[in-house]
Amino acid sequence: MTELDRATTTLAGGGADGGTGVPDPAGTLCALIADVLGLAAVDPGQSFTGLGGDSIQAIQVVSRARPAGLLVTTREVLRSETVAALAAGAGQTLPAIDIT
């Protein structure tokens, strides 16, 4: 996803939720990653790849994050140092707009 694409599909903001509109983006991502990797729990200070996550599992995280209101890319999931860093950079998904 290019920066232009991200700019048109995310909202910038500040506040406790990082502008995502999701009350606890780090907690949400921790739960999603734990589920995808088959772990009991994931700490926000852990990294996806450090937990053994691979590219296919990263795609699963991305596809589960969108309905939860978080916009992350596969590249971001794989490259983020920690789940907390991934959550801090997550955008908010927007409802589709019918322009016809």
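The model is predicted: local features require pLDDT of at least 70 and side-chain atom pairs count only at pLDDT 80 or more, whereas totals for chains, interfaces and linings use all residues. Residues are numbered from 1 along each chain as its sequence is written, and side-chain values use heavy atoms, with hydrogens and water left out. The chain contains five helices and two strands, where helices (H or I, at least four residues) and strands (E, at least two) are DSSP runs numbered from the N terminus. Their order along the sequence is α-α-α-β-α-α-β.

**Overall architecture**

- Of the 100 residues in the chain, 35% are buried; buried denotes under 20% relative accessible area, exposed over 50%, and partly exposed in between (1.4 Å probe, protein chains only).
- Contacts are heavy atoms within 4.5 Å; among those between residues at least 6 apart in sequence, 57% join residues at least 24 apart.
- The chain exposes about 5,700 Å², with carbon and sulfur atoms supplying 56% of that area; accessible areas come from the Shrake-Rupley method with a 1.4 Å probe, and for residues only the protein chains shown count as cover.

**Helix 2**

- Helix 2 comprises 13 residues and extends 18 Å from its first C-alpha to its last, close to the 18 Å expected at 1.5 Å a residue; the expected span is 1.5 Å times one less than the number of residues.
- Its buried residues are P25, A26, L29, C30, L32, I33, A34, V36 and L37.
- These buried residues pack against helix 3, strand 1 (70–71) and helix 5.
- G38 follows helix 2 and has a positive phi, near 70°.

**Nonpolar core**

- A nonpolar core is a set of buried Ala, Val, Leu, Ile, Met, Phe, Trp, Tyr and Cys residues joined through side-chain atoms within 4.5 Å.
- The largest such core has 22 residues, of which L29, I33, F48, V72 and V77 touch the most other members.
- Helix 2, helix 3 and helix 5 (83–89) each supply at least two residues of this core, and helix 2 gives the most, with eight residues.
- V77 is located in helix 4 (residues 74–79) and counts as buried because its relative accessibility is 1%.
- Apart from neighbours within four places in sequence, V77 contacts F48, A58, V61, V62, V72 and L86.
- The C-alpha atoms of V77 and V61 are separated by 7.8 Å, although the two residues are 16 residues apart along the chain.

- One salt bridge is counted under the criterion of a side-chain nitrogen of Lys or Arg within 4 Å of a carboxyl oxygen of Asp or Glu.
- D35 forms a salt bridge with R64, and the closest N and O atoms are 2.4 Å apart.
- Because D35 lies in helix 2 and R64 in helix 3, the pair ties together parts that are 29 residues apart in sequence.
- D35 is exposed, at 53% relative accessibility, while R64 is partly exposed, at 34%.

**S47 in the loop between helices 2 and 3**

- S47 occupies the loop between helix 2 (25–37) and helix 3 (55–65).
- The relative accessible area of S47 is 17%, so this residue counts as buried.
- A polar atom of the S47 side chain lies 2.9 Å from the backbone nitrogen of G50.
- S47 is in contact with S80, E81 and T82, leaving aside its neighbours within four places in sequence.

Key: A polar contact is a pair of N or O atoms within 3.5 Å; within protein, one must be able to donate a hydrogen and the other to accept it, and residues adjacent in sequence count only if both atoms are side-chain atoms.
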